[in-house]
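Visitor: Please show me the structure, and then we can go through it by question and answer.

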Amino acid sequence: MSSPGPSAAPSPGGSAPYGRPLSLSCAEPAASGALCSTATLAALAVAGGLALPAAALAGGAVERVARSGELVLVGPADAPPLLSGGSQGQPQGYAVLLGERIAAELARAVGRPVRLRLVMEPDLAATAARVTAGTADLACGIPFSWEADMTADFSMPIGVSGLRLLAPAGRFDGNPAALTGRPIGVVRSTLAETELEGMQPEARLVPFANLSEALDALEANRVEGVIGDTKVLAALARARGLKDLALVPDEPFESYGVACLLPENDSAFRNLVDLAIARLLQGYVDGRPEDVAAVDRWLAPGTGPGAAHEQVDEIFQGLLLGREAIRPLPAADGDQQPEPGS
């Protein structure tokens, strides 16, 4: 999969244009003869206004991406609106959009094209394990948990969601007491599993590798309901044409921010990931047409201006409260941006 070419790199607020096209390229051999040595990367970072120390780059994801020209995003194949297969089988979704923007940010930082590659992993627990093991660079759409934070890092939030119960309409009203003794599907090693065990330990917890498998069980009447991410459950039910199901309660059992899971202790990579996310959220809030259209396709599909769009806008404004506003500066004459895709 190739990502679109980046726009002119704006400044995050200061006078120096952050992310300006770099005077060096990772395609040029370093003095040592190695392609994209740590010293070369540090020089590239300084030239781009990043001021990243060589120690922060050594052995990290930025160095790895600079050498390979590839950013690896991992996630399940059937988790809309985050990730799903398109009509031609190609991956699509909000996580892909974020991956493309992060690839573009990395391309600006290292001065060479960066291609986004998707690795599909049906087991959500294994998805996190790939990031911590270094066989994938990031996974997007993951709720923060203290347990996961012990072995990996999280980006700034990319959105907000919540846990609700999907079941045949009228079967449950959302009161946890009604779940006593009832078989309820959850994805193993997730916030949903922990929440169900905490709010109703007498429920019959039935674990699955992903929400798609849990919905298969619900359709086959092997479970009476499924607890999981509201947006993914709604999108899966809509894609399957399941019209006699309802999400309860009206307010989620628990609301939470979702983010991208990243390798542990890799601040250089995390900084670039956060900058790419902030650019997209800021562009949406500012009404930048390409950002609004790209996000609304997944988070407010088919609505245009309206309640869903306004809800996303309000959420993004809240997520940006702790960040400096990014205001674009015109690119310098003669600047040429590297293409992030190949």
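This is a predicted model: local features need pLDDT of at least 70, side-chain atom pairs count only at pLDDT 80 or more; totals for chains, interfaces and linings use all residues.

Guide: Residues are numbered from 1 along each chain as its sequence is written, and side-chain values use heavy atoms, without hydrogens and water.

Visitor: Which strand is the bridge partner of Asp-78 in, and which residue is that partner?

Guide: Strands here are DSSP runs of E with at least two residues, numbered from the N terminus. Two of them pair if DSSP finds at least two bridges between them; strand 2 and strand 3 (residues 83-85) do so in the antiparallel sense over 2 bridges. The partner of Asp-78 lies in strand 3 and is Ser-84.

Visitor: Why is one side of strand 2 and of strand 4 left without a neighbour in the sheet?

Guide: The sheet is open, with 3 strands in the order 2-3-4 and antiparallel pairing. Strand 2 (78-79) and strand 4 (91-92) stand at its edges, so each has a single partner strand.

Visitor: Is Phe-144 buried, partly exposed or exposed?

Guide: Phe-144 is in the loop between strand 6 (139-143) and helix 6 (146-149). Buried means under 20% relative accessible area and exposed over 50%, with partly exposed in between (1.4 Å probe, protein chains only). At 36% relative accessibility, Phe-144 is therefore partly exposed.

Visitor: Which residues is Leu-106 in contact with, leaving aside neighbours within four places in sequence?

Guide: Contact means heavy atoms within 4.5 Å. By that rule, the residues touching Leu-106 are Val-62, Val-65, Leu-71, Val-114, Phe-269 and Leu-272.

Terms used:
Helices (H or I, at least four residues) and strands (E, at least two) are DSSP runs, numbered from the N terminus.
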